Amino acid sequence: MMGEFYICFLNMTLLLHLSHCQEHQGAIEVHHISAGQGHFFQLKCSDDDDTEDRTTVTWSRGGNQTLNMTSGVEVRGEVLWFLPTDTSHNGHYTCESKYPTGLWEMKFVLSVDPGPCPVPAENRAVSQGMSEVVFCRQQDVLGLDPTAHIRWFKDCSPVDKHGETIIEEDCPKRLRLVNATESHAGVYTCLVEFSLQGRNYTATHSTQLKVNKEKVLLNPQITYPRKETVTVETGSRVELVCSAFLGVGEGTESESSMFWTVDGIHTDHIEQLNVTKTTILHRSSGVYGRSTLSIYEVRPEFLNVTISCIARNALGRDIGFLWLQPANHSGFYTCLCLCLAFSMVVLGVAMCCLFKVDLVLAYRRLCPLVSKKRAPDGKLYDAYVSYVHGDGLSRAEMFALQVLPEVLERRYGYTLFVSGRDELPGEAIHDVTSETMRRSRRLIIILSAQSASPLHPKMDPEDQLPLHQSPQDRPCYDQQIGLYDALIQNGLRVVLVEIDGKVDYTSLPKSLHYIRRKQGALRWRRPSSGKSSSTASPNGHFWKCLRYHMPFKPKGALKPQPTPGINCSIELY
């Protein structure tokens, strides 16, 4: 009786022990590696995240054999390192992890192949015409040496990556096979070359890839147009292009088609329309089709209606939509009008600058006809004429006393006060000059080459201006008063007239030099022999410019004789 009870107790204990072991025993992992020179490999005891609760980790080989005497094998924490692998490392390895709740046991089978390429550790399959990715799966090794170099092999030969069907990618380390064919089938191996503690090692991972020959059916997809609007001209010729993905693999071309409809009607039943034969394009990602719809003449019935491009194969179909709308030229015409307006403005400004003198003179002739009578400004003379006096009749004096009055007074009706002609004997020259200046609208200063001849070479040019005191060097008090009024009080406009050649201003007062540089001067030349009129060419433009600078003369002037136009906006000759 006692013996039966003891046997029963042993059986129950054994069952409990077996049950306990099954609860804490992991799956058996099988690893196939090569025994190449310097090949590195490692076994991890567990991939669990509860390593903090683990108390001890014990590795053993073949059940009870310890690893202390195994060459090239090191235990580092929970990882078993093979530095490097050897055919003597073939066998079974066991890892035991002790937890407060019990034991965890994992078993490994390590198969070391003496050949250069290891037995594939992973099997993958891809259908013909599809894309697939082969991973390197050596993240732990890449973490030990970030500068590791990777090489890919197919059936122990370097992979040819020059084509478009095999692409190497870095993140993560992998090979992408595009549009897989039977030639892609085989064993792919990634070889990692790295350094660890001053020694060079290698690590490998092999994947068996199988390419299935069955046909892969994919829905067609219109790539263009999806929903597009095209602007056209009524009556013009238009070609519409449709592109579509038709599928992958052999037989796709024969089982696919593309056609067009206009407002739901097949193009075969509509005149003025022609559809070209679908062009098939074989690319790495699949088979694509391209169809062109030619509209010989865009009619109103083709506008704003739905034009559909339809692609279909044995699995389904896809539709792209397109609409024709008439071109809107309002923007073009607006831009054209703005350009024309801008051109007219530029042309008008250029014409105004070029014919400014003629426009101003024409306005003055028309102004009395349309404008009211102007209020008097208190001025008595239109211009005060000043020149350099000398012993005899100089050119400047002759011009001031004869030529200028003949044209401005007798022909155009201006009122001039000519210095040396209009003073009364016995008058106080200073008072009369100052008063006359204030009652004049312009100051005409006549200069010649003789005006710049210094009478006193050692004196400052400001003091060398010939004045009225004697027949030869009396002070020209009128010029001094006029220049002071023009430059300081801004009450009198100065008109410089140069006669018979260039005038040297370096010997003249700086005020005259300043006015010459600021506004320029008019130049009069003596008419050539045989021409009696002082206004004859080439001086016709001179009188226009002089009248332009003179004040407005409303009435009473004689009509001027026509003279050729000239631009006097800048009177620098």
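Which residue forms a salt bridge with Lys107? Select Lys107 and Glu105: they form that salt bridge, with the closest N and O atoms 3.6 Å apart. The term means a side-chain nitrogen of Lys or Arg within 4 Å of a carboxyl oxygen of Asp or Glu. Lys107 is partly exposed at 29% relative accessibility, and Glu105 is partly exposed at 22%. (Buried is under 20% relative accessible area, exposed over 50%, partly exposed in between; 1.4 Å probe, protein chains only.)

The model is predicted: local features need pLDDT of at least 70, side-chain atom pairs count only at pLDDT 80 or more, and totals for chains, interfaces and linings use all residues. Residues are numbered from 1 along each chain as its sequence is written, and side-chain values use heavy atoms, leaving out hydrogens and water.

Next, select Glu122 and Arg137. Their side chains meet in a salt bridge at 2.8 Å, N to O. Glu122 lies in strand β8 and Arg137 in the loop between β9 and α2, 15 residues apart. Helices (H or I, at least four residues) and strands (E, at least two) are DSSP runs, numbered from the N terminus. Glu122 is buried at 15%; Arg137 is partly exposed at 38%.

Now show the open sheet, β9-β13-β12, with antiparallel pairing. Strands pair if DSSP finds at least two bridges between them. β9 (132-135) and β12 (166-169) are the edges.

Finish at Arg438 and Glu435, a salt bridge at 3.4 Å between the closest N and O atoms. Both sit in helix α6, 3 residues apart, so about one helical turn separates them.
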